[in-house]
Amino acid sequence: MNSQITNILLVGVGGQGILLASEILSEAFMLAGHDVKKSEIHGMSQRGGSVVSHVRFGSQVFSPVVPEGEGDILFGFELLETCRYLPLLRPGASVIANDFRIPPPSVLLGQALYPEGLVESIRSQVSDFLLVDGLKLASEAGNPRAANTVLLGAVSNRLPLPEEIWLRALEKMVPKKALDINIKAFALGRSL
Amino acid sequence: MKEILSGNEAIARGAFEAGCRVASAYPGTPSTEILENACTYPEIDASWAPNEKVALEVAIGASFGGARSMACMKHVGVNVAADPLFTLSYTGVGGGLVLVVADDPEMHSSQDEQDSRNYARFAKVPMLEPADSMECKEYTRMAFELSEQFDTPVMLRSCTRISHGKSIVEMGERITGLPEPKLVKNPAKLVMLPGNARVRHPLVEERTVRLSEYGDVSQLNRVEYRQKRIGVICCGVTYQYVREVLPDVSTLKLGMVYPLPKQLIAEFAAQVERLFVVEELDPFIEDQVRALGIAVTGKEIIPLCGELSPGRIRTAFASAGITPPKTASPGATNLALPPRPPNMCPGCPHRGVFYLLNRANAYVTGDIGCYTLGFMPPLNAMDTCVCMGASISNGSGIVRVLPPEEQRRIVAVIGDSTFLHTGVNSLMEMAWNRSPATVLILDNRITAMTGRQENPASGFTLDGEAAPQVSIPDLCRALGIRHVREVDPYDLEATKRALDEEMNRPEPSVVITTRACCLIKGEDRFEKGTMLRVDQDACTGCKACLRIGCPAIEWQPAPEGKKGKAFIDPLLCTGCTVCLQLCKFNAIGRAV
Ligand code: SF4
Ligand code: SF4
Ligand code: SF4
């Protein structure tokens, strides 16, 4: 266990923009002068499969993957996936999740139901749990597609970086024409 | 200047800084992005090859011409490129030559998890293995230097966690002053006939001894003494896991994993009370250490299969009584969570084809690509998948052992890129020997699985330039197939007719389904249709449209006693119309 390192897990469904969000996080930590490593799996998992991206920062990071049971922050893009990866967290970790459901294949085919009670299950295990209506807040910011950035804003409150670093990372990673809306979306998330 | 780079980006950067001029590859996860990044440096002539053997041979040619060159591939690609690799070990190089191989422990996106280090030993070439992105860049640069210094190709081994992991890299400049390429006649070295090869082989053996001695003193292999009760030999990403989990132990980190530095290993072993080797996959280092007569613990505690992780290493050392067992993990939910396997995209041109194959009771010899997902429910329409190009030859073999009434069921299914990779030889065999199977070439105009790379039939090169296009129908005819027809896979009726007729034909035939992958951007190669919707009044809930497994179609159960209905997600639907053709109740139509 290395208490000098902060471990973030981004989880969701392939195609939800998880890779971009983890790039922005990594960029911000580097700009703030930390050592950073990140890891994720491309390939098969992109086609609508379950995706987990690991981002770690601190003075010196060894493993690019978060050791099992040491996750500090879970950044969930989808509820079922958020629940799936809870076992990777340490006791007392934070969970920031988008209030969003994407049915997996068995549910689409009518062979299973999307599980009920996910939110309650997470809440019963995680004391710092923030459920965010990303879509609604992103629409307020001007584009529902900026939901990830709203979430990122909420996550940023749990991380020791000044606002200015976040804005620089956004500026570097987000396409110019979408930047204004993303900055607004980030601020909405950060105000939660 | 510092940047955060993936291992693959850093390898491309290393090749650039090393003065590499030519790079060739066939895409394969997790290696694909190396060439895509090499292509961003105008100084590197980077291009896709139809397969890995050709890629390596292109690099060999450039090296013989005196330029630094690189070939990149995934682990199984080396199987295809093995033939030139083994001879190249004998000829040695002109300009430095680096063969980058990216392994995929855990098979995140592969059919096996072979350990490429065995190739280095088998072909008698040195292999370097970086442990983060900075080392990816530095080792690539050093690999070019070593290649010239020892007159040998050098393999650089990465793995999924290194290639697709990101870490911070200090950028450097491109070196200058390398000799200009020129033609050199040296048949004794470059023409590998028996007489010449017999002279070269002893040189290869001597080279290996010299490389091992170099490893004893090279900065590539690094001893770090901490407490000396336990010493761990490790390499690559495993080094990072060991440092994470066992921060106090002494380590010998091998940057050159073949040949091993025998002296250095003996010294390290003598300094520590108990020696371990922690390595992913095979006991490659362990067996060689043991052969030196050194007592070592390795695969007795370290798993042989799958990817290692900090947790697995912690558990292994706990089992050996060295670390305390892990405290119980919190947070597992007691809800049943349905799995989420990958699926073909909404509107994928392959979907309807697999639906028809299923209905036709075909026995499908399959191949490697997105379409391998056609084996999953509800399509359930792939019966074998071995390696690139195997679908056609497997089909050709299987029909030979079947009674005539069963032969019609054999359909070999292969994508355009895989066909051009190694399927062409197989089709040549099938035509030549008149195997009465049907071949279905799913031509989606791109190499989709690895993230949409161009191929010889797509009309573009890696750098986006227009290029001559292989005509797949003409190629099939030229190989001796008399019955070649093209259909639009979005037209289920026409595709069904073509399949029925060709499956019943007692001779080899080819059906080509032509439709672009939905994810191709630009060039108007994929045209999105009008999205469809389900008329909730007309829908009888018959579930016929669910049988294709399109992620845009969702079953909406109704309360007790009532019928559920299908629903189309307007954000996902591409308007391919395949579901519409399956609905007998005209409940699916264009959204208004
Ligand atoms: S990437 Fe293209 S070929 Fe692959 S599943 Fe998606 S649409 Fe089909
Ligand atoms: S096929 Fe037509 S009627 Fe049957 S469930 Fe689908 S939309 Fe409804
Ligand atoms: S038309 Fe039907 S099958 Fe095609 S993408 Fe839309 S919902 Fe899926």
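**Figure 1. Salt bridges across the interface of chain A and chain B in a predicted model**. Five salt bridges are found across the interface of chain A and chain B, a salt bridge being a side-chain nitrogen of Lys or Arg within 4 Å of a carboxyl oxygen of Asp or Glu. In one salt bridge, the side chain of A:Arg56 meets that of B:Glu244 at 2.8 Å, N to O. The model is predicted, so that local features need pLDDT of at least 70 and side-chain atom pairs count only at pLDDT 80 or more, whereas totals for chains, interfaces and linings use all residues. Residues are numbered from 1 along each chain as its sequence is written, chains are lettered from A and ligands numbered from 1 in the order in which they are written, and side-chain values use heavy atoms, with hydrogens and water left out.

**Figure 2. The contact between chain A and chain B**. With contact meaning heavy atoms within 4.5 Å, chain A contributes 57 residues and chain B 55 residues. About 4,600 Å² is buried between chain A and chain B, 60% of it on carbon and sulfur atoms; buried area is the accessible area (1.4 Å probe) that two parts lose on being put together, summed over both.

**Figure 3. Strand 2 of chain A against strand 8 of chain B**. Strand 2 of chain A and strand 8 (residues 165-170) of chain B pair in the antiparallel sense over three bridges, where helices (H or I, at least four residues) and strands (E, at least two) are DSSP runs numbered from the N terminus, and two strands pair if DSSP finds at least two bridges between them. A:Ser39 has B:Gly165, in strand 8 of chain B, as its bridge partner.

**Figure 4. A salt bridge within chain A**. The side chains of A:Asp128 and A:Arg158 form a salt bridge at 2.8 Å, N to O. This pair links distant parts of the chain, with A:Asp128 in strand 6 (residues 128-132) of chain A and A:Arg158 in the loop between helix 6 (147-156) and helix 7 (163-173) of chain A, 30 residues apart. Over all chains, a search of the whole structure finds 49 salt bridges.

**Figure 5. An open sheet in chain B**. Seven strands of chain B form an open sheet in the order 3-2-4-5-7-6-12, with mixed pairing. Strand 3 (45-48) and strand 12 (256-258) of chain B are the edge strands, each pairing on one side only. Strand 3 of chain B pairs with strand 2 (residues 22-25) of chain B in the parallel sense over four bridges, and B:Trp48 in strand 3 is the bridge partner of B:Ala25.
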